Amino acid sequence: MPRSSGDTRRGPAVVVWVIAGVALALLVLPLLAILLSAPWAQLPALLVEPETLQALGLSVLTGAISTALCLVLGIPLAVVLARSVSWPVVPRRLLRAAVTIPLVLPPVVGGLALLLLLGRNGVLGRYLDAIGITIPFTTGAVVIAQTFVAMPFLVFAVEGALRGADRRVELAAASLGASPLQVFRTVTIPLVAPGVAAGAVLCFARALGEFGATITFAGSYPGVTRTLPIASYLASQNDLNQSIALALVLLVVSVAVLLGLRDRWLPGVRG
Amino acid sequence: MAAGGARVSLVADIIVRRGSFEVAAALDVAGGRPLALVGPNGAGKTTVLNALAGHLPVECGSILLGESDITAARPEARRIGVVFQDFLLFPHLTVADNVAYGIRMRGSGRTAVRSAARAAALPWLERFDLAELAGRYPHELSGGQAQRVALARALAPEPEALLLDEPMASLDIEVRDEVRAELAVYLRDFTGPTVVVTHSAADVAALAADVVVLERGTVTQRGTWAQLQATPATPYVTRLVGRHEE
């Protein structure tokens with residue numbers, strides 16, 4: 001018989017390992033299924049089809065723009081959110097809820113909300129329309145939809161970094177003559193850079209995969225709003241191989257982005 | 001700057017409030033005569049220091065640095081160098097860039113450029129025996145080295161006054177005597193008003209010419225170390241002067 005002390009320690013660990021294995025399988029097996037079902041022989045031909053390249057180009061372009069937009073808008077929002085710990089309970093919780101909403105809202109609902117706000121008859125859209133600005137069903141609408149769903153990933157990553165950093169070095173910077181803006185640029189931003197990088201990656205990956213809000217708010221016009229996920233979904237209706245090929249591209253880009261990052265830039269990894 | 005010409009002094013008579021805790025302190029610090037602000041933990045020493053540096057607002061009273069009233073000035077507008085208790089070096093910058101930071105921020109035109117500020121920081125690195133460490137990051141430094149960087153960083157932009165908050169507290173006990181002796185030498189070279197916050201008798205004896213004792217938010221005694229030793233005014237001061245050998 002093995003030593004009983006070893007058993008008591010190993011018993012729970014085995015259960016944990018098994019459950020962790022099931023969880024991992026749930027995450028990885030579907031992706032493996034894509035690889036196993038991929039029409040490898042036809043793949044080169046499928047990937048260079050104009051629609052594929054067009055959708056890929058549009059996805060990368062809009063994903064990059066919305067990530068940049070999330071950085072510009074999201075970092076100050078993260079600063080405010082990190083500072084809100086000293087606020088009264090109600091505004092603090094409202095702010096956090098507002099930032100969290102896109103994470104829990106079905107993207108289709110988000111797209112509908114954007115349409116009701118910015119559509120030609122929307123709350124704001126009617127005024128924009130009056131001065132000749134139309135947003136829905138344009139590439140701009142894709143960017144807005146992606147920014148809407150991806151923003152929380154950036155904000156929470158940066159907020160976590162802000163809370164983890166020793167903010168007192170900002171006082172040191174001020175005593176050395178740095179104005180508040182210089183402190184922000186030369187100290188605060190570099191301190192939270194790992195969080196910003198992690199947030200930007202997650203943001204880009206989320207934007208790249210955006211489907212529901214985009215198709216509701218921006219539609220599916222080839223070359224204008226038909227991003228890779230939409231193209232993949234449409235293809236799955238009549239040409240499964242084409243759909244799998246597009247899905248593979250999304251998978252490869254996402255994995256490449258995540259692997260291309262240093263460990264310490266990933267959320268949950270400190271090193 | 002403080003070197004040359006008439007020596008400026010730092011004159012403060014202030015009340016600072018932190019929550020329900022109130023600190024009242026009057027200090028008159030002459031250039032070249034470092035003042036030790038001593039007191040037990042929680043006496044309000046660091047609160048006074050933060051008010052002098054501009055990191056805490058003054059409830060009432062005034063702070064004069066030389067001719068100018070800096071009571072309401074923002075920290076970046078006061079020419080006061082600060083060495084913080086755990087040094088607060090910029091973790092993302094090398095030793096050279098830490099020392100150059102103030103030169104770059106205070107600089108105009110050429111020295112506002114990183115490379116020019118680095119060049120201007122070189123003499124300071126040499127003076128504080130940091131030239132060989134110029135490329136290191138703060139986490140690669142010993143406590144004594146980090147203190148030298150903090151001091152060089154505070155002095156490089158040529159402040160008119162210098163504040164040090166418990167400069168020995170985050171050093172290992174074995175190296176304190178050596179580092180304290182070094183610090184005393186560097187402080188002698190600085191001719192502006194200097195305030196050292198400490199609760200250590202050894203720091204007072206080695207670093208300061210004058211002493212102000214702060215207890216529970218009020219000044220209980222002031223004078224030279226010798227005067228404090230001769231006539232300690234409170235039980236705390238009696239204990240303080242009695243354990244000089246710490």
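Biologist: Which residues of α12(A) are buried, and what makes a residue count as buried?

Modeller: In this predicted model, the buried residues of α12(A) are Gln242(A), Ile244(A), Ala245(A), Leu246(A), Ala247(A), Leu248(A), Val249(A) and Leu250(A). A residue receives that label if 20 or more other C-beta atoms lie within 10 Å of its own.

Biologist: How does one judge the reach of α12(A) against what is expected?

Modeller: α12(A) has 20 residues, and its first and last C-alpha atoms are 28 Å apart. The expected span is 1.5 Å times one less than the number of residues. That rule gives 28 Å for α12(A), and the helix comes close to the expected value.

Biologist: How do you know in which sense α9(A) and α12(A) run relative to each other?

Modeller: Helix α9 (residues 180–209) of chain A and helix α12 (residues 240–259) of chain A pack at about 175°, with 10 Å between their axes. Angles over 145 degrees count as roughly antiparallel, and the two helices are therefore roughly antiparallel to each other.

Biologist: Which residues of α9(A) and α12(A) meet, and how do the residues of this contact divide by class?

Modeller: From α9(A) come Val201(A), Phe204(A), Ala205(A), Leu208(A) and Gly209(A), which meet Leu250(A), Val253(A), Ser254(A), Val257(A) and Leu258(A) of α12(A). The contact holds 8 nonpolar residues, 2 polar and no charged. Gly is among the residues that count as polar.

Biologist: Which residues of α11(A) are buried, and what covers them?

Modeller: In helix α11 (residues 228–238) of chain A, the buried residues are Leu228(A), Pro229(A), Ile230(A), Ala231(A), Ser232(A) and Ala235(A). Their cover includes α3 (50–83), α9, α10 (212–217) and α12 of chain A.

Biologist: How many helices and strands has chain A, and what share of its residues is buried?

Modeller: Chain A has 12 helices and 0 strands. Of its 271 residues, 37% are buried. Its C-alpha trace spans about 75 × 60 × 35 Å along the principal axes. Among contacts in chain A between residues at least 6 apart in sequence, 73% join residues at least 24 apart.

Biologist: Turning to chain B, what makes β4 and β5 a pair?

Modeller: Two strands pair if at least two bridges are found between them. Strand β4 (residues 60–65) of chain B is joined to β5(B) by 2 bridges, and the two strands run antiparallel.

Biologist: In what order do the strands of the open sheet in chain B lie, and what makes a strand an edge strand?

Modeller: The 4 strands have the order β2-β1-β4-β5 (chain B), with antiparallel pairing. An edge strand pairs on one side only, as do β2 (21–30) and β5 (68–69) of chain B. Between β1(B) and β2(B) there are 10 bridges, again in the antiparallel sense, and Ile14(B) has Ala25(B) as its bridge partner in β2(B). The hairpin of these two strands has 2 residues between them, and Gly19(B) there takes a positive phi near 65°.

Biologist: Which strands does helix α1 of chain B lie across?

Modeller: Helix α1 (residues 45–53) of chain B lies across β1 (9–18), β2 and β4 of chain B, at about 115° to β1(B).

Biologist: How do you know whether Asp129(B) and Glu158(B) are exposed or partly exposed?

Modeller: Asp129(B) has 12, so it is exposed; Glu158(B) has 16, so it is partly exposed. Asp129(B) has a positive phi of about 55° although it is not a glycine, and it lies in the loop between α3 (114–127) and α4 (143–155) of chain B. Glu158(B), also not a glycine, has a positive phi near 55° and sits in the loop between α4 and β7 (161–165) of chain B.

Biologist: How many residues does each chain bring to the contact?

Modeller: Chain B brings 16 residues and chain A brings 14. On the side of chain B that touches chain A, α2(B) gives the most, with 4 residues. By class, that side has 10 nonpolar, 3 polar and 3 charged residues.

Key. Residues numbered from 1 in each chain as written. Chains lettered and ligands numbered in written order. Predicted model: local features only at pLDDT ≥ 70, side-chain atom pairs only at ≥ 80, totals over all residues. Axes fitted to C-alpha atoms, helices over the stretch in contact; angles between N-to-C directions. Parallel < 35°, antiparallel > 145°, perpendicular 65-115°, else oblique. Contact = placed C-beta atoms within 7 Å.
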